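Reader: I would like to learn how to read salt bridges, sheets and surface patches in a model like this one. Could you take me through them?

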Amino acid sequence: MKFDLRRSIRARNDRVKEAHSQYTQGRLSRREFLRFSAALGAGAVGVNLLSPFEQLQVRRARAAQGMTPVRGGTIFSGAYFSTSRFDDPARLDSVFASNNVRQVCDYLVTLDADLVLRPSLAESWTPSEDGLTWTFTLRQGVKFNHGKTFNADDVVFTINRLVNPDTSSAFAGAASYVTGAEKVDDYTVNIFTNRVAADFVYTLFLYVAAILPADWPGDFFANPWGTGPFTITDFVPDERIRFERRDDYWGLGADGQALPYLDAVEFVSYQDDLARLNAMAEGSIQLSNASAELREQYSALSGVSYVPVQTGNLDIAVMKYNEEPWTDPRIREAFKLCFDRQTYIDTRFLGLGIPADDHPIAPGMYPLSPADQSPRQQNYEQARQLLSEAGFADGFDLTLLYIDPQSDGGYTEPFAVFMASQLEPAGIRVTLQPDPDYWGKWLADWGPFHLGASNWSQKNTASEMFNLAYRSGAVWNETHWSNEEFDNLLTQFDQELDQEKRAGQLKQMTDLLRNEGPVMIPAFRQDAAAMSEKLHYRLHPQSFVWMGDAWLET
Amino acid sequence: MVVTAHSNPTGNNMLRFILRRLGTLLITMLVLSILIFILSDVMPIEPALMILGRESTPEARAALTEQLGLNKPLPERYVAWISRFIQGDWGESYRMGVEVLPLVQRRFTNSLTLAMMAAAIIVPVSLLLGIIAGLNESRWPDRVISIGSLISISIPDFVVGLVLIVLFSWGLRLLPGDSSLRGDTVNLMEHWQKLVLPAITASVVLIGYIARVTRVSMIEVMDSPYIRTAILKGLPQRTVILRHALRNALIAPVAVVTTQLAWLVGGLIVIERLFNYPGIGSLFADAALRNDLPMIQASAMIAITLVVLSQGLADVIYALLNPRIRFG
């Protein structure tokens, strides 16, 4: 395959300039503009287009994130840790387990705590003019912890392994349009797609896409090889995993020396909220995820701060689009009108959340997410009227399927109970049916007059979320939502490189879902962590933990 | 009736008794292992799906199922499983992808250490309290001990644990409330402080129970004709209690203590969670919650072994204390 890199770069820079003019006209926020230029591999081009004053602001905001870091020390963390299997990074199935790999391996790109895409093992990237080939320039002078020098072979190995169906990686589903990778020279790689995918680069930060060396023989427990800032020095399943710093990591700290600042990091397993609180109180851990219920207890500890962080994680009421009574748009609308979203946030998350607008794209949590939301207000009168227009003047009976408390630690049950109580005044009578095999049948038809309750975690891009669960026939389309207009918009959204047009398309899609969709999404919740005041670490909205630039005050 | 003279009748009979008991235990365990295997076969778990994940292709799952021999008939799989199990190959955890046996060994050692520590508290304290209460029937020491033990039985263990943490760890700052071992091998000299609060928590529940059993047993014995005879003979009370009453009075409580050992080792799930102590109970609870079949099988086998062994031990101790049993 032949193509002209210089022409591609010129075309890319033109797109960044175009986005910049949209930004100066106020049609794109600064964050969106910087995100867009970063996604095209032109972060520096983007920053340079800003006025000197704005550049100063950006740099200040970045500098304000840390004082002068101190080196040394060990962090004990009881947060976001699980020892479910991570013997193959390509087959990870949870964010928590991926945090074990994240300390040891790097990705081509990284999505920082502001959800802005940044270079990592790839220094820059640019799409070809037809948008089907992405050329990555790789970082030089990077070493794996087993001694190999990082180069294009490793990227080609990793990408081709991810897209191979025999690997059973979630990557193949989430980025099904990626066909493979090819080495151009030692530090240049082409990655091919079979359709234009504007958000492609974000998928390289899917947690399964950690870069492994080309000579990796398999079994990450035995061969935890990576380019990351730490190495695994001890692993006792379900108890702890210990990471110690490497001296030859490529990333540089604020002091110009190699990262990480810390000598060691230990993830310690805590199953019980009270045990975690107790460990925090005793100072035997410095970081802990902290449920809303224990907010006051954590806040009362001296030397500990309680830090909420907004996420795009959501609870979802699932109406099977092809089954009675949900086939009638009036019933779906009536259903959505029954809920007081703020009450849900206040009772379920003790205030830690923002109301949602019955679509999964949380404001500020996704590139181009529409900022203006108007979550439905509870309106029983209107709901009852719609129900009687649809022929259910006396309401109806509904069976609510949800994940059995034994299987998810009781997470979903309060949501199910909340729905039952809010539906009752509208005449919708709910029978709760906890099901230990919910995930075994969540994609199937449930029969008429069934409702489901489940939950989704935030994805990197709107495209990822929609292609997984909202496109007609998508693998995880639990509602069986099928809307031609939506599908067409999604296809256009994926192939459009103009940011303003994309923002418009996304707004149209979220409006469609809000107004006609078969989901009721009451809120985007906030996660929270308790942190020692001595610990300098920024929480990631997606529960990713990377200790590479964390540090401890002495 | 002819009683044959025998050089050492007690010893020989005892040995035979223990061997016979062991035989019964082995048969019990074999039968139970078959039951476990049938039950775990009925559970709706697809091993290949759990190992390869939801993204795997049906072909890959079929290949793995073939490779694991999971499509063979049930009896064949049972024989393969039990012979591997006996040889120490307990398989790999689906959830964690690591060997089951070393993990179980490690957690078992931790639990055994904690159980021993708890037993060291439970046995002297509860027997002493029970004896004092029994000797002072209906007087104030009995009242205090009886009510106290009733309270200790009725309070759930996590409440006891929380109170102890708030008191000794947060308040007095005497002992840690976080008993995580963080990958270390448990060592009494090094970790005793971490074991104290969970051991006391486990003790509180059992002390009340065993003290009550001891009290009733003591009262019964003190009321029996041979003790009355001894007292009427004019023997000092000390001699009556220590030489005549105690041995018989301890039969029931000791049997109870021994049968509770299984619970002390494998049943402290709540206490392990609260103190974050890596015992075997919470490992098994997780396995059950997450359909981790090899771990569930291992845990069921361990649980059965524990119960069967402690029951057997109780029988032996009972026989030692009560000679009538041996010839029965």
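Reader: Let's start with charges: which residue forms a salt bridge with R276(A)?

Author: In general, side chains of opposite charge can pair when their charged atoms come close. The rule used here asks for a side-chain nitrogen of Lys or Arg within 4 Å of a carboxyl oxygen of Asp or Glu. R276(A) meets that rule with D273(A), the closest N and O atoms being 2.9 Å apart. The two residues sit three residues apart in helix α9 (residues 273–282) of chain A, so about one helical turn separates them. Helices here are DSSP runs of H or I with at least four residues, strands are runs of E with at least two, and both are numbered from the N terminus.

Reader: Before we go on, what should I know about the model and its numbering?

Author: This is a predicted model, in which local features need pLDDT of at least 70 and side-chain atom pairs count only at pLDDT 80 or more, while totals for chains, interfaces and linings use all residues. Residues are numbered from 1 along each chain as its sequence is written, chains are lettered from A and ligands numbered from 1 in the order in which they are written, and side-chain values use heavy atoms, leaving out hydrogens and water.

Reader: Is R276(A) buried or exposed?

Author: Buried means under 20% relative accessible area, exposed over 50%, and partly exposed in between (1.4 Å probe, protein chains only). R276(A) counts as buried because its relative accessibility is 9%, and D273(A), at 35%, counts as partly exposed.

Reader: Which parts of chain A does the salt bridge of R341(A) and D358(A) tie together?

Author: R341(A) and D358(A) have their closest N and O atoms 2.9 Å apart. R341(A) lies in helix α12 (residues 341–348) of chain A and D358(A) in the loop between β13 (353–355) and α13 (380–389), so this pair ties together parts 17 residues apart in sequence. Both R341(A) and D358(A) are buried. There is also a network of salt bridges, linking D234(A), R240(A), R242(A), E244(A) and E266(A). Over all chains, the count comes to 36 salt bridges.

Reader: Now sheets. In what order do the four strands of the open sheet in chain A run?

Author: Strands of a sheet pair through backbone hydrogen bonds, either parallel or antiparallel. Here two strands pair if DSSP finds at least two bridges between them. The order in chain A is β4-β5-β7-β6, with antiparallel pairing. At the edges are β4 (122–127) and β6 (178–185) of chain A, each pairing on one side only. From one strand to the next, the twist averages 20 degrees. β6(A) and β7(A) (residues 188–193) pair over six bridges, and D185(A) stands opposite T188(A) in β7(A).

Reader: And the surface: which helix gives the most to the nonpolar patch?

Author: Patches use residues with over 30% relative accessible area and no salt bridge; like charges are joined within 9 Å, nonpolar side chains (Val, Leu, Ile, Met, Phe, Trp, Tyr) within 5 Å. α7(B) gives the most, with five residues. The patch includes L274(A), I147(B) and F158(B), and its residues together have about 840 Å² of accessible area (Shrake-Rupley method, 1.4 Å probe; for residues, only the protein chains shown count as cover). F158(B) is placed in helix α7 of chain B and, at 42% relative accessibility, counts as partly exposed.

Key
Axes fitted to C-alpha atoms, helices over the stretch in contact; angles between N-to-C directions.
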